[in-house]
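Please read the following note alongside the sequence and the structure.

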Amino acid sequence: MSTPKAPTGHFTLLYFASATSFTRKQHDFFAAPLPLAKLYEAVEEKYPGIKAKVLESSALTVNLDYVDVEEEVQKGDKGLVIQAGDEVAIIPPVSSGYEHLYHGQTLQPDTC
Amino acid sequence: MAAEPSPVMCIEEENLFVQLTHDRLDIPSIMARVKSPKAGAVVLFAGTTRDSFADKPVVHLAYSAYAPLALRTMQSIARDVKGKHSLTAIAMVHRLGVCPVGEESILIAVSSPHRLAAWRAGEQALEECKERVEVWKLEEFGGSEGAVWRANRDGQAGARVEDTMGDVGGQR
């Protein structure tokens, strides 16, 4: 697994699916430390519009663990701080809901 | 897809195997991983790329993954399903990269002493994989429609994709 290694004093932010489409990249490096509560602001500054289009419907992981961004924002100064070398990832909704409601109808399964 | 050697993308523990691969999926080998003299039932699910989505022709699908996280989630699902249904063994493999129409994108094999537990476990394992595993699907419709990242969990039509095909395959 060749996850990109961040330069000294930076962390890696990984993009997948719709996040990759929006940024046209698979990852970026951001300066660390950065409070998690400030992450979406930093990403929005770099990619205007991404918050509404991608981030608000996505989940977030830090070093492979899911974190609740809203909860971290509410914690203020006591919230999680992203450190240099951390691997953070934006996780858009996964591709493969099997059956789901759409305008009250059940769609056919997609791949199966 | 870069011509670099494929990284090892699997987790194996006793009677449990999960894998991501860019290769074609092999049904006999996944069956062999769960067969046992203790198991009177083997249930295999094969998810195959269909040729259409909502009446639009699909040329092929491509999958990308956050591989280390997807494997960890698959392991967690497999452990949970195996314990809950007292399975003899469970094996799950998901294909990444381009998956042509008619080829398998996911195989799930479970074995148990009796068939009812195996049926139920296979169903649960598939549902949870589709719900939770960090794998994303890109549908190539061909023509002006182009490629669409599918976030099916929302039941939405997805967003058009431009110039991102080179990214398919995800983190290597």
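1. B:Arg24 and B:Glu103 form a salt bridge, their closest N and O atoms being 3.7 Å apart; a salt bridge is defined as a side-chain nitrogen of Lys or Arg within 4 Å of a carboxyl oxygen of Asp or Glu. B:Arg24 belongs to the loop between strand E2 (16-21) and H1 of chain B, and B:Glu103 to the loop between strand E8 (97-100) and strand E9 (104-112) of chain B, so the pair ties together parts 79 residues apart in sequence. Helices (H or I, at least four residues) and strands (E, at least two) are DSSP runs, numbered from the N terminus. B:Arg24 is exposed at 60% relative accessibility, whereas B:Glu103 is buried at 16%. Here buried means under 20% relative accessible area, exposed over 50%, and partly exposed in between (1.4 Å probe, protein chains only). Salt bridges with shared partners join B:Arg24, B:Arg95 and B:Glu103 into one network.

2. The model is predicted: local features need pLDDT of at least 70, side-chain atom pairs count only at pLDDT 80 or more, and totals for chains, interfaces and linings use all residues. Residues are numbered from 1 along each chain as its sequence is written, chains are lettered from A and ligands numbered from 1 in the order in which they are written, and side-chain values use heavy atoms, with hydrogens and water left out.

3. A further salt bridge joins the side chains of B:Glu12 and B:Arg33 (3.1 Å, N to O). This pair links distant parts of the chain, with B:Glu12 in strand E1 (residues 10-13) of chain B and B:Arg33 in helix H1 (residues 27-34) of chain B, 21 residues apart. B:Glu12 is exposed at 55% relative accessibility, and B:Arg33 is partly exposed at 39%.

4. In chain A, A:Lys25 pairs with A:Asp28 in a salt bridge, with the closest N and O atoms 2.8 Å apart. A:Lys25 is partly exposed, at a relative accessible area of 33%, while A:Asp28 is buried at 6%. Over all chains, the count of salt bridges comes to nine.

5. Helix H2 (residues 67-84) of chain B has 18 residues and spans 25 Å from its first C-alpha to its last, close to the expected 26 Å; the expected span is 1.5 Å times one less than the number of residues. Among the buried residues of H2(B) are B:Leu69, B:Leu71, B:Ile77 and B:Val81. Just after H2(B), B:Ser86 takes a positive phi of about 50°.
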